[in-house]
2 protein chains.
Amino acid sequence: MPKSKEIETRWWGWGDIKKTYPVEERPSYIPYLEERLGIKVEQVRTPDPSLDHVELRAPRLSDDVMVELEQIVGSSNLSTEKRDRVHHAIGKSYRDVVRARSGNIPNPPDAVVYPGSEEEVKAILEVAENRGIAVIPYCGGSSVVGGVEPLDRDGLIGSISVDLRRMDKVLMVDAESLRARFEAGIWGPELEDELKKRGLYLGHAPESFLFSGLGGWIASRSAGRQSTGYGKIEEMVESVRLVTPRGIIDTLDVPASATGPDFKEIICGSEGTLGIITQATVRVRPLPEVFDYRGLLFKEFEGGVQSVKEMMQSGNIPETIRISDPEESSLALRVRKPSSKPAKEKALQAALRVLDLLGYSFHRGSYAVLGCEGRKVEVAERVKKITAICVRNGAVPLGRSAGMEWYHGRYDHPYFRDIMMGWGVLVDTLETATTWDNIMKLYRAVRGSIIEALADYDSKAIVTCHLSHSYPTGSSLYFIFMGKQAKGKEIEQWEHLKRKAGDAIIENGGTISHHHGVGYEHAPWFEKEYGPEALKALKALKETLDPKGIMNPGKLGL
Amino acid sequence: MPKSKEIETRWWGWGDIKKTYPVEERPSYIPYLEERLGIKVEQVRTPDPSLDHVELRAPRLSDDVMVELEQIVGSSNLSTEKRDRVHHAIGKSYRDVVRARSGNIPNPPDAVVYPGSEEEVKAILEVAENRGIAVIPYCGGSSVVGGVEPLDRDGLIGSISVDLRRMDKVLMVDAESLRARFEAGIWGPELEDELKKRGLYLGHAPESFLFSGLGGWIASRSAGRQSTGYGKIEEMVESVRLVTPRGIIDTLDVPASATGPDFKEIICGSEGTLGIITQATVRVRPLPEVFDYRGLLFKEFEGGVQSVKEMMQSGNIPETIRISDPEESSLALRVRKPSSKPAKEKALQAALRVLDLLGYSFHRGSYAVLGCEGRKVEVAERVKKITAICVRNGAVPLGRSAGMEWYHGRYDHPYFRDIMMGWGVLVDTLETATTWDNIMKLYRAVRGSIIEALADYDSKAIVTCHLSHSYPTGSSLYFIFMGKQAKGKEIEQWEHLKRKAGDAIIENGGTISHHHGVGYEHAPWFEKEYGPEALKALKALKETLDPKGIMNPGKLGL
């Protein structure tokens with residue numbers, strides 16, 4: 001197996017250039033989409049955009065600067081190649097992919113630097129500060145909120161993307177205290193592989209897992225598939241090290257402390273605006289004996305929501321619990337890959353009809369995935385208790401194959417998004433969180449705002465939602481939505497939708513992001529959520545660590 | 001029952017003026033103490049210090065200022081009474097009590113203000129800023145690190161203590177999301193009473209519980225007796241509201257978010273240096289059906305430590321687990337109140353002799369208290385699993401009465417400290433935390449440093465330690481120690497000890513405080529732990545919110 005970083009990835013979309021989503025194996029999906037959105041999908045893939053058609057701004061850094069940078073990292077770790085610059089010019093949001101596909105890459109970094117050590121990072125920041133160059137920390141580049149796009153700031157002459165991929169060492173594994181320290185540039189698969197060798201496990205797997213890494217997760221307050229059980233990345237970070245233009249901040253590696261405001265929680269979510277995260281110690285756990293994923297079907301979405309609340313509040317907490325609304329449950333069935341064995345598929349369809357007669361329907365009810373990880377006996381006990389909660393709230397267990405189907409496909413959806421974009425479909429996601437008392441209200445408001453925004457551009461809508469990261473006091477809501485792209489006005493249409501949905505979130509008591517972060521795309525709502533005084537204070541803090549404002553300009557409204 | 005705030009409290013020591021510690025019921029304690037420390041205790045209580053002997057600096061605020069403050073809160077809520085000023089002049093640390101007993105109150109506030117609303121708090125800050133007056137936020141006043149003592153700052157003309165006791169309303173109870181919002185001036189007993197009426201429970205009970213409150217807990221990152229299960233206060237805070245001299249900061253009330261650095265975690269631990277916490281929403285839970293506290297005796301301290309590690313890392317987590325080292329276990333036996341029934345006491349002593357023969361000794365082993373709270377069936381299951389871990393590591397269960405004895409006396413120890421101080425005993429506590437791999441090293445280093453520091457002043461030492469707040473990656477260590485006071489040099493002797501112990505903590509990888517906070521007494525180590533860059537950044541943040549530096553000067557090194 002190649003290291004994840006050795007896989008050639010798309011610059012205009014998601015993931016492994018050799019991989020795609022096998023739509024042809026899902027025959028019922030396209031007719032459904034065509035009917036629902038009133039579009040006509042041509043079942044051909046639009047050709048991949050060619051780098052030749054991208055017009056890139058010429059690098060703006062002088063030879064002097066380039067020599068200084070080369071002296072730090074060596075010529076092989078400094079690049080002004082078109083491919084490198086384009087790769088580092090955008091993230092993976094819908095807006096990014098729309099622009100990339102049309103060859104519109106307005107803000108490429110002038111160079112990409114690949115430091116191999118913290119000393120090199122420090123030296124790079126010194127050059128950047130002296131010369132007035134924006135520095136964009138780059139880990140996997142999977143931001144869906146514009147977090148890695150180099151924006152300009154008055155007074156800065158150019159920008160460099162500082163890609164940490166070479167800084168991926170295991171620095172310490174302490175099996176006794178269940179801690180491990182890594183350089184921040186390590187990506188998901190290698191991090192878990194290194195732990196697995198030692199019988200350990202982090203358990204942080206966002207959808208970006210295969211192409212994202214530790215520093216990026218921390219900088220953006222990422223959440224993994226199993227965050228309901230294991231917590232978000234900020235709860236896994238025991239200590240973190242940040243190289244700022246003014247020096248290094250190293251938080252103490254202790255399980256808890258009462259020594260003032262928690263600087264670790266300032267670095268988490270700082271999105272590269274304060275400095276570059278170079279190392280972190282994370283809290284790990286024994287490698288699970290079992291990964292038990294199962295499907296369930298609730299008669300009603302409300303019963304599913306109620307079940308999650310009861311699990312969280314009674315302490316019967318799964319690693320993963322994903323409750324889909326009827327629209328998403330229905331979609332899950334449409335997008336399903338039928339069994340290759342006709343008899344098996346026939347039996348399944350018959351079972352679905354029986355379930356329907358009993359009131360359990362994918363089209364009116366709520367499909368759920370329940371995942372528990374850990375020791376075999378303990379997981380068995382826990383699954384039993386959690387299943388009982390679900391059944392009491394109107395669920396029927398669908399067994400393991402339904403759960404494993406989801407589990408095996410859990411990293412594939414971004415490929416599917418890219419394909420649909422080639423069909424003229426606006427397809428994007430957004431996420432928020434709120435308390436239980438407000439969850440259905442926020443759900444309806446955001447859903448309504450998306451439908452409305454799509455209608456404003458004469459599009460029907462498919463808007464689906466699930467709960468996937470839950471807490472005793474509330475839950476995240478994750479929306480996936482599709483409409484018809486307004487040809488030639490793709491960005492304008494998307495901005496309109498984003499504005500309406502963002503406003504609906506803030507007006508209805510949600511957070512503008514539970515785990516995608518703020519970056520550029522959420523910045524307009526960030527100040528509203530954070531408040532003007534807190535933002536002023538944060539700006540002052542930033543000015544101390546980054547007085548020239550070189551660190552990731554324009555993100556977090558900083 | 002009177003409200004906790006209506007109880008008259010000592011200004012020169014701990015708690016209810018009508019309460020003390022019944023030493024006479026513990027006949028074996030004094031001989032033990034005399035032998036161990038080589039002192040002769042006179043079994044009389046030294047007379048309470050009289051307010052008449054305290055010489056207090058005259059109030060420094062002009063009539064104009066007083067009129068302005070009076071216009072805000074009304075004359076009955078503004079005081080320059082000697083009693084009020086002395087009460088608000090110090091906290092409850094050993095250093096505080098030594099000074100108070102000798103009538104040495106160097107930094108009384110010039111006035112005490114009791115606002116009744118947030119509007120009044122805002123108006124007070126405005127006056128204070130305009131006039132250049134230090135503002136010391138005051139909740140219960142139980143700080144043991146000098147957190148509430150009004151220190152001067154150049155350019156400020158005086159100080160006021162802003163006591164929040166009138167601001168103790170229940171603002172919202174959301175039983176569906178398990179959240180409740182209170183004004184910050186509510187104290188422990190009333191907060192739990194209000195929740196109890198609604199079948200709910202916070203579960204935060206520091207030793208100060210009866211005389212401390214929500215705002216103070218949050219400002220100092222307090223930990224309750226049950227923090228191993230429920231977390232420290234910062235984990236219970238869902239959102240918090242801070243009135244700063246420059247405006248209000250209100251964090252969003254959501255279970256989790258990815259919107260930048262977490263400002264909630266900046267307010268937690270801010271110790272009044274950024275503003276006054278006026279409200280907070282806390283995460284609550286159903287009122288436990290049972291409070292199951294039990295005693296255990298380990299053959300060795302190491303077996304106890306190992307057990308806690310195994311509990312935390314296997315997810316079999318009690319609310320309370322307190323593992324004492326041999327010195328503390330032995331002390332627990334000496335300080336025990338014998339049963340009033342001679343036959344019962346005789347049987348117990350016989351049982352102890354049998355246990356000793358079997359290798360379970362309070363003098364060589366480790367006494368432990370295990371507490372689980374919750375639903376009856378669930379607690380029974382959990383206690384069984386946890387007990388099995390302990391037994392496997394060399395423990396014998398001592399049953400519930402041993403646990404309940406500790407439980408019922410859990411708020412009494414500060415009274416005992418005060419009595420011992422009247423006997424010429426230096427008696428203080430300190431606490432830290434570290435990771436499991438470092439725990440025994442830190443334990444030995446801190447213990448050694450205290451013994452050495454006491455020897456430097458010709459005193460023998462009793463140094464005891466327990467683990468009481470634990471995590472999967474490590475634990476707190478809590479030290480209680482006693483020596484002979486150096487007559488006439490009590491403060492010098494204590495400062496010497498504090499310096500040695502603080503240095504030992506920092507040099508050996510511990511945090512200078514796991515839950516007491518920083519205040520004035522830990523400030524010398526705060527910068528070392530926080531690091532110069534982080535402290536500079538924090539200062540800049542403070543300067544934005546409090547540009548005149550009126551908020552609690554000299555705390556957190558700010």
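Reply: The contact between the chains takes 67 residues from chain A and 67 residues from chain B. The model is predicted, and a pair of residues counts as in contact when the C-beta atoms, placed from the backbone, lie within 7 Å.

Me: Which elements give two or more residues to the side of chain A that touches chain B?

Reply: They are strands S8 (237-244), S9 (247-250) and S16 (425-435) together with helices H10 (264-267), H19 (523-530) and H20 (532-545), all of chain A. H20(A) gives the largest share, 10 residues. Sorted by class, the side of chain A that touches chain B has 27 nonpolar, 23 polar and 17 charged residues.

Me: Why is H2(A) called roughly antiparallel to H5(A)?

Reply: Helix H2 (residues 63-73) and helix H5 (residues 118-131) of chain A pack at an angle of about 170 degrees, their axes being 9 Å apart. Angles over 145 degrees count as roughly antiparallel, so H2(A) is roughly antiparallel to H5(A).

Me: Which residues of H2(A) and H5(A) meet?

Reply: From H2(A) come A:Val65, A:Glu68, A:Leu69, A:Ile72 and A:Val73, and they meet A:Glu120, A:Ala123, A:Ile124, A:Val127 and A:Arg131 in H5(A). By class, this contact has seven nonpolar, no polar and three charged residues.

Me: How do you know where domain 1 and domain 2 of chain A lie, and what is the contact of the two?

Reply: The domain assignment of chain A gives domain 1 as 170-286 and domain 2 as 290-408. The C-alpha centres of these domains of chain A lie 31 Å apart. Domain 1 of chain A gives six residues to the contact and domain 2 of chain A gives seven residues. The domain 1 side has one nonpolar, four polar and one charged residues.

Me: What pLDDT does chain A average, and what ipTM and pTM does the model score?

Reply: Chain A averages a pLDDT of 96, and 99% of the residues score at least 70. The model has an ipTM of 0.97 and a pTM of 0.97.

Terms used. Residues are numbered from 1 along each chain as its sequence is written. Chains are lettered from A and ligands numbered from 1 in the order in which they are written. This is a predicted model: local features need pLDDT of at least 70, side-chain atom pairs count only at pLDDT 80 or more; totals for chains, interfaces and linings use all residues. Axes are lines fitted to C-alpha atoms, for helices over the stretch in contact, and angles run from 0 to 180 degrees between N-to-C directions. Helices (H or I, at least four residues) and strands (E, at least two) are DSSP runs, numbered from the N terminus. Angles under 35 degrees count as roughly parallel, over 145 as roughly antiparallel, 65 to 115 as roughly perpendicular and the rest as oblique. Ala, Val, Leu, Ile, Met, Phe, Trp, Tyr, Cys and Pro count as nonpolar, Asp, Glu, Lys and Arg as charged, and the others, Gly among them, as polar. pLDDT is the predictor's confidence in each residue, from 0 to 100. Domain bounds come from an automatic or database domain assignment.
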